[in-house]
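I wrote each entry as I went, and I kept to what I could look up.

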Amino acid sequence: MILDMSAVPEPPPIPSFEEARHVVEDHAARLHPRGKELAELLESAGQVLAEPVLADRNFPPFPRAMRDGYAVQASDLTQLPATLEVMGEIKAGDPTAAPVLQPGQAVAIMTGAPAPPGADAVVMVEHTSFQGRRVQIMKGVAAGDNIVPAGAEAKRGDRLLSPGLRLDYAAIAVAASTGRRHLLVYRKPQIAILATGDEIVDLDVQPGASQIRNSNSYSLAAQVLAAGGDPLLLPIAPDEPSRLRELIADGLESDLLLLAGGVSMGKYDLVEQVLAEFQAQFFFTGTLIQPGRPVVFGKARLGQGGPEEDRYFFGLPGNPVSTMVTFELFARPLLEALAGMSPRKLVFLQARLKSEIQTRKGLKRFLPAVLSGEFERAEVELTRWQGSGDVASMAGANCYIVIPPDRERIADGEWVPVLMR
Ligand code: AMP
Ligand code: MG
């Protein structure tokens, strides 16, 4: 098979990590999600909200006691100890229509109960002593203490959750608080996954001496699921253009195509050449990172009979750790945008380096590492790995140490940026 090399566009200069990430973020910002569907409240956990959730009543709906104690008028407690007449007891769930509290009076009240009209504070039971129908109060309070006014957290009709939010447990609590059994969520985008390589065999095949089992399709599928997408695993593509072309055409039917392998400089790394036949535009064909330097990002068109719009693709390097890292750094923001999520910036945490790192300048490195320590003493150290093919040590890592391209030695005890996995 002879390939027309003139179809391959000149590669632009290799962008830095930050430049490449911004390219993806700019494209992601212009994407639209795939439509909406109704989900049961608990099914919606982890999905992306597609409608605003409004307060259906005031939050709290009544002035709520925050402590067990006595509802009082703060102005009765200027002289201490003060003795007040106890008019009764209000527990959580009692109707709000209690009699109006008069000066010199108190009402025993429980956490979560509606404060009676006329009361402007609650004295904690710890600062009181009850005798017969009277209570002695040893500690003063200011008006407003230990009562949350009605509507202080939100007013009826206020927007509590916005579309684009990935529903976590706090958001689920809000939806439950507003009585929602169902929520409108965005449909998950379908993400095609195409592993390439003549040496790659699938799990049900006994690998020959020089063959490697396909792990990339499965790690990528797991990453797609975790990011809120719906993975579609295509058959393994050989390093041969015609079958690769067919499978890329299949993959471009999905909302996003992830290819793994075949993007390096080797003679049989054909992915870019075959993609170029699909009117592909390449936004970058490498970035100054390690692992994952040859990562490719672009969009392509299926042509006749295929989807009208361009489809984005990533050509991820095939070394398993490179595949995982480049998915997280570049493919994930695009997938999240297709899933309807509001854009998020990549944020690194800081931890103290446990043992010195020596490396070379020029690339931003994302090295598999183990974060340990306890409480405020986070420590991090590199896993002992044999390079980007080492899935076993990657599985023992829980984060990446991020090393800027201008550093070649980082001493132990230094604070280093860490990307959580
Ligand atoms: P490539 O990016 O195609 O040059 O592949 C780089 C390395 O990753 C080679 O050692 C491949 O054997 C390995 N590799 C590629 N694809 C996979 C895969 N799907 N599963 C496991 N290893 C792979
Ligand atoms: Mg290969």
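Entry 1: I began with Phe297, which stands opposite Phe314 in strand E21. The model I am reading is a predicted one, and I keep that in mind for every entry.

**Entry 2: the nonpolar core.** Phe314 came up again when I looked up the largest nonpolar core, which has 38 residues and counts Phe314 among those with the most contacts inside it, together with Leu256, Leu258, Phe327, Phe330, Leu334 and Phe366. Several elements each supply at least two residues of this core, including E17, E21, helix H1 (17-29) and helix H6 (320-338). Which element gives the most to this core? I found that H6 does, with 11 residues. As a general note to myself, nonpolar side chains in soluble globular proteins tend to be buried together.

Entry 3: I looked up Ala337, which lies in helix H6, and at 9% relative accessibility Ala337 counts as buried, because the cut-off is under 20%. The C-alpha atoms of Ala337 and His27 are separated by 9.2 Å, although these two residues are 310 residues apart along the chain.

Next I turned to Val295, whose place is in the loop between strand E19 (289-290) and E20, and Val295 is buried, with a relative accessible area of 0%. From C-alpha to C-alpha, Val295 and Leu316 are 5.0 Å apart in space, while in sequence they are 21 residues apart.

Then I looked up Thr287, in the loop between E18 and E19, which counts as buried at 0% relative accessibility. What lies 3.1 Å from a polar atom of the side chain of Thr287? I found the backbone oxygen of Pro15 at that distance, and I found the backbone nitrogen of Phe17 at 3.4 Å from a polar atom of the Thr287 side chain.

**Entry 4: ligand 1.** My last entry concerns ligand 1, which is surrounded by 17 residues, the closest being Glu199, Asn214, Ser215, Gly262 and Gly318. The residues of this shell divide into 5 nonpolar, 9 polar and 3 charged. For Asn214, I noted a polar side-chain atom 2.9 Å from a nitrogen atom of ligand 1. For Gly318, a backbone N or O atom lies 2.8 Å from an oxygen atom of the ligand, and for Asn319, a polar backbone atom is 3.2 Å from an oxygen atom of ligand 1. How much of the accessible area that ligand 1 has on its own does the protein cover? I wrote down 78% of 490 Å².

Notes
Residues numbered from 1 in each chain as written. Chains lettered and ligands numbered in written order. Predicted model: local features only at pLDDT ≥ 70, side-chain atom pairs only at ≥ 80, totals over all residues. Heavy atoms only, no water. Pairing = 2+ DSSP bridges. Helix = DSSP H or I, 4+ residues; strand = E, 2+ residues; numbered from the N terminus. Near = heavy atom within 4 Å. Polar contact = N/O pair within 3.5 Å; in protein donor to acceptor, adjacent residues only side chain to side chain. Areas by Shrake-Rupley, 256 points an atom, 1.4 Å probe, with all protein chains shown as cover. Nonpolar A, V, L, I, M, F, W, Y, C, P; charged D, E, K, R; others polar. Core = buried A, V, L, I, M, F, W, Y, C linked by side-chain atoms within 4.5 Å. Buried < 20%, exposed > 50% of the residue type's maximum accessible area, 1.4 Å probe, protein only.
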